[in-house]
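Reader: I am new to this structure and would like to go through it step by step. Please show it to me.

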Amino acid sequence: MGLTRAKYSNISDTDYKQSVRIITTTNITLAGGAPSTYDSVSFAAGDRVLVNAQNTASENGIYVVNTVGNGFNGTWVRSFDANDGSRLTGGAQTSVAEGTYAGSIWRLITPDPIVIGITALTWVTASAFAGGANKQLQFNN
């Protein structure tokens, strides 16, 4: 007997987010000094970035380049799909399109409830999870 497809309603942790261009791996200034390039990628307004290495972990998350500036006066704002604890939940995942981590998937391991700006957010590469870890699928037999 072959495998059958999983019931979507039985898949947990399905908080998938639109991909980001890059992930940051160092502390950056997010307002009034956001970089115009990072990891050899030049930004345009509207680009999504996974900020993941802030000295204050509650500043981590998915951002959108609001103003590119000249590298010293740019601003980034939290992405709409990740600016509230009802839209960003533990287990959220996103993929990275460019830069050093291109092709990787990152998962938010911070448990719910999340209060944006207060809760420390920790993202780890999905390869950090062993196969089958944190998966709950029900198959029809």
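Reader: In what order do the elements of the chain run from the N terminus on?

Author: The model shown here is a predicted one. The chain holds zero helices and 10 strands. Read from the N terminus on, the order of the elements is therefore β-β-β-β-β-β-β-β-β-β.

Reader: What percentage of the residues of the chain count as buried?

Author: A residue is called buried when its relative accessible area is under 20%. The accessible surface of the chain is about 7700 Å², with 52% of that belonging to carbon and sulfur atoms. Among the 141 residues, the share that counts as buried is 37%.

Reader: Is aspartate 47 buried or exposed?

Author: Aspartate 47 lies in the loop between β4 (41–42) and β5 (48–51). Its relative accessible area is 13%, and the limit for burial is under 20%, so aspartate 47 is buried.

Reader: Which side chain does the side chain of aspartate 47 join in a polar contact of 2.5 Å?

Author: Leaving aside neighbours within four places in sequence, aspartate 47 is in contact with Arg21, Ser42, Tyr63, Val64 and Val65. The polar contact of 2.5 Å links the side chain of aspartate 47 to that of arginine 21.

Reader: Which residues of the largest nonpolar core touch the most other members?

Author: This core has 14 residues, and tryptophan 106 is one of those with the most contacts to other members. Not counting residues up to four places away in sequence, tryptophan 106 touches residues including Ile23, Leu50, Ala92, Val96 and Trp123. A second, separate core has 12 residues, among them Ile28, Ala34, Phe43 and Val49. In the largest core, the residues that touch the most other members are Leu50, Ile62, Leu88, Trp106, Leu108, Leu121 and Trp123.

Reader: Which residues does a cis peptide bond join?

Author: Proline 113 is placed in the loop between β9 (105–108) and β10 (123–125). The bond in question has an omega of about 0°. The cis peptide bond joins aspartate 112 and proline 113.

Reader: Is serine 40 buried or exposed?

Author: Serine 40 sits in the loop between β3 and β4, and its phi is positive, about 65°, although it is not a glycine. Aspartate 39 is also found in the loop between β3 (37–38) and β4, with a positive phi near 55°. Aspartate 39 has a relative accessible area of 28% and is partly exposed. For serine 40 the relative accessible area is 80%, and the limit is over 50%, so serine 40 is exposed.

Note on methods. Residues numbered from 1 in each chain as written. Predicted model: local features only at pLDDT ≥ 70, side-chain atom pairs only at ≥ 80, totals over all residues. Heavy atoms only, no water. Helix = DSSP H or I, 4+ residues; strand = E, 2+ residues; numbered from the N terminus. Buried < 20%, exposed > 50% of the residue type's maximum accessible area, 1.4 Å probe, protein only. Areas by Shrake-Rupley, 256 points an atom, 1.4 Å probe, with all protein chains shown as cover. Polar contact = N/O pair within 3.5 Å; in protein donor to acceptor, adjacent residues only side chain to side chain. Contact = heavy atoms within 4.5 Å. Core = buried A, V, L, I, M, F, W, Y, C linked by side-chain atoms within 4.5 Å.
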